[in-house]
Amino acid sequence: VDLSKRFGLPATDKSEQSRIVVVEVHGRTIGFIVDRVSEVLRITGKIVEPAPSMVCSVDADFIAGVGKLEDRLLILLDLGKLFSVEEIEAAKAA
């Protein structure tokens, strides 16, 4: 699934930096195409706070919260809200 399309952003050309991030959503394994991955982190819930009302250009409904790690702000996507169970089942059938 191309996240650019899902968020209504312009499509980008795939490059050597493009990656597929594999996740489990609603009990199904899905691969998300992203422009690049700079780092993979394991964080604790202790550093996660609710998303502020003003969050970047991504639809705030898809934001699970923000993580504050040292001098960085991490925006955490709610993958369960990104796709409904029906959409996951439809993609499986296609």
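## A valine on strand 1

V21 is found in strand 1. Strands are DSSP runs of E with at least two residues, helices are H or I runs of at least four, and both are numbered from the N terminus. V21 counts as partly exposed because its relative accessibility is 33%. The classes are buried, under 20% relative accessible area; exposed, over 50%; and partly exposed, in between (1.4 Å probe, protein chains only).

V21, V37 and V40 make a nonpolar surface patch of about 250 Å². Patch residues have over 30% relative accessible area and no salt bridge; nonpolar side chains (Val, Leu, Ile, Met, Phe, Trp, Tyr) are joined within 5 Å, like charges within 9 Å. A salt bridge puts a side-chain nitrogen of Lys or Arg within 4 Å of a carboxyl oxygen of Asp or Glu.

## Model and conventions

This is a predicted model: local features need pLDDT of at least 70, side-chain atom pairs count only at pLDDT 80 or more, and totals for chains, interfaces and linings use all residues. Residues are numbered from 1 along each chain as its sequence is written, and side-chain values use heavy atoms, without hydrogens and water.

## Overall layout

The chain has 3 helices and 5 strands. Along the sequence they run α-β-β-β-β-β-α-α. Of the 94 residues, 22% are buried.

The chain exposes about 7,100 Å², and carbon and sulfur atoms supply 53% of that area. Areas come from the Shrake-Rupley method with a 1.4 Å probe; for residues, only the protein chains shown count as cover. Among contacts (heavy atoms within 4.5 Å) with a separation of 6 or more, 36% link residues 24 or more positions apart.

## Strand pairing

Strand 1 (residues 19-25) pairs with strand 2 (residues 28-34) in the antiparallel sense, over 7 bridges. Pairing requires at least two DSSP bridges. V23 stands opposite I30 in strand 2. This hairpin has 2 residues between its strands, and H26 takes a positive phi near 50°.

An open antiparallel sheet is formed by 3 strands in the order 3-4-5. Strand 3 (48-49) and strand 5 (72-77) each have a single partner strand, so one side of each lacks a neighbour in the sheet. Strand 3 joins strand 4 (residues 63-69) through 2 bridges. E49 stands opposite V66 in strand 4.

## Nonpolar core

The largest nonpolar core has 10 residues: L3, F7, V23, V25, I30, F32, V34, F62, L82 and F83. Strand 2 gives the largest share, 3 residues. A core here joins buried Ala, Val, Leu, Ile, Met, Phe, Trp, Tyr and Cys residues through side-chain atoms within 4.5 Å.
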